[in-house]
Amino acid sequence: MATAQDLIVVRSRRTENAARTLICLGFCGGGTGQYHQWGGMLPADVDLAAVCYPGREGRFMEDFAQTWDALADDTTRAVLSAAAEGPYVLLGHSMGGWMAFDVTVRIERLGGPAPEALVVSAANAASRGLTVNESPSQQDNDEQLLGWMTMHGMMPEHVVNDPDLKELAVELMRADIRVRDTFRYVPGSKVGVPLQILTGETDTVIDPDAGEQWRDLATGDFRHDVLPGGHFYTPEIWSRIPTYIPALSGAFSSR
């Protein structure tokens, strides 16, 4: 029987005596489902989990978080509960990249247990903050948001063809944008764990010098890998993201 905690930390792959767990944090408008496909791409001794934010999937009866701090507090508790089962690598994509960074900062300040490595995918440096024309935007109408989600592969065919599901997708996106827009970088915040940055070579959302900006936020090992495709890479690359994360095999080489 699923417990309340099982609905918060969704484990899609469990192995006996796992060496570590890859814990994933969601992007704007996303849930845990986009990460489940990675199970077959992990080393044999690595488990897979994703944190479900309030207001979606198994937590749909809960209210959406209203501020960044509220969501970060909730996510930090979730990650620490998962960390109780053993070592982990923390990954966040897009907005989830900022969340993974913020959660790691908070956990390090608490004294751990910190992740073995932090992986930030498709996110500008947290210190850069939001821009006036951040995309997607609260000012976007429903069609613009749907267009953005469709362009970046976030709209499965069954959602596109169902007006009710499209309405829910827009509601979820707007809720996450509102939270994202309350994010404020705390000056001086850095992480001591190894930090890996992943960016798409044709991602127009990401600053050309994002790697250098992120490097300034790491006091330990750092690497930046540029992958084919845009904000969600290519479908093939997205499906194989774990194969680009050396920390999952217990190694981390700076580059």
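The dialogue below goes through the fold, core, central strand and aromatic pairs of a predicted model.

Me: What conventions apply to the numbering and the values?
Reply: Residues are numbered from 1 along each chain as its sequence is written, and side-chain values use heavy atoms, with hydrogens and water left out. Since the model is predicted, local features need pLDDT of at least 70 and side-chain atom pairs count only at pLDDT 80 or more, while totals for chains, interfaces and linings use all residues.

Me: How many helices and strands does the chain have?
Reply: Helices (H or I, at least four residues) and strands (E, at least two) are DSSP runs, numbered from the N terminus. Here there are nine helices and seven strands.

Me: How is the radius of gyration of the chain read against the globule rule?
Reply: The radius is taken over C-alpha atoms, and the rule is 2.2 Å times the number of residues to the power 0.38. For 255 residues the rule gives 18 Å; the chain has 17 Å, which is close, so it is as compact as a globular protein of that length. The C-alpha trace spans about 45 × 45 × 35 Å along its principal axes.

Me: What share of the residues is buried?
Reply: Buried means under 20% relative accessible area, exposed over 50%, and partly exposed in between (1.4 Å probe, protein chains only). In this chain, 53% of the 255 residues count as buried.

Me: Which residues have the most contacts inside the largest nonpolar core?
Reply: Such a core is a set of buried Ala, Val, Leu, Ile, Met, Phe, Trp, Tyr and Cys residues joined through side-chain atoms within 4.5 Å. The largest one has 50 residues, and Val79, Leu90, Leu118, Leu195 and Trp214 have the most contacts inside it. Helix α4 (residues 95–110) supplies the largest share, eight residues. A second, separate core has 25 residues, including Phe27 and Ile245.

Me: Is strand β6 covered on one face or on both faces?
Reply: In a regular strand the side chains alternate between the two faces of the sheet. In β6, Leu195, Ile197 and Thr199 on one side and Gln196, Leu198 and Gly200 on the other are all buried. With six of its six residues buried, β6 (residues 195–200) is largely enclosed by the rest of the structure.

Me: Which strands does β6 pair with?
Reply: Two strands pair if DSSP finds at least two bridges between them. Four bridges join β6 to β5 (residues 117–121), in parallel, with Gln196 as the partner of Val119. Six bridges join β6 to β7 (residues 222–227), also parallel, and there Phe222 is the partner of Leu195.

Me: How is an aromatic pair described?
Reply: By the distance of the centres and the angle of the planes. Rings of Phe, Tyr and Trp (its six-membered ring) pair if their centres lie within 6.5 Å; planes under 30 degrees apart count as stacked, over 60 as edge-to-face and the rest as tilted. The whole structure has ten such pairs. Phe27 and Phe232 are edge-to-face, 4.9 Å centre to centre with 85 degrees between the planes, and they lie 205 residues apart in the chain. Phe27 is buried at 2% relative accessible area, and Phe232 at 11%.
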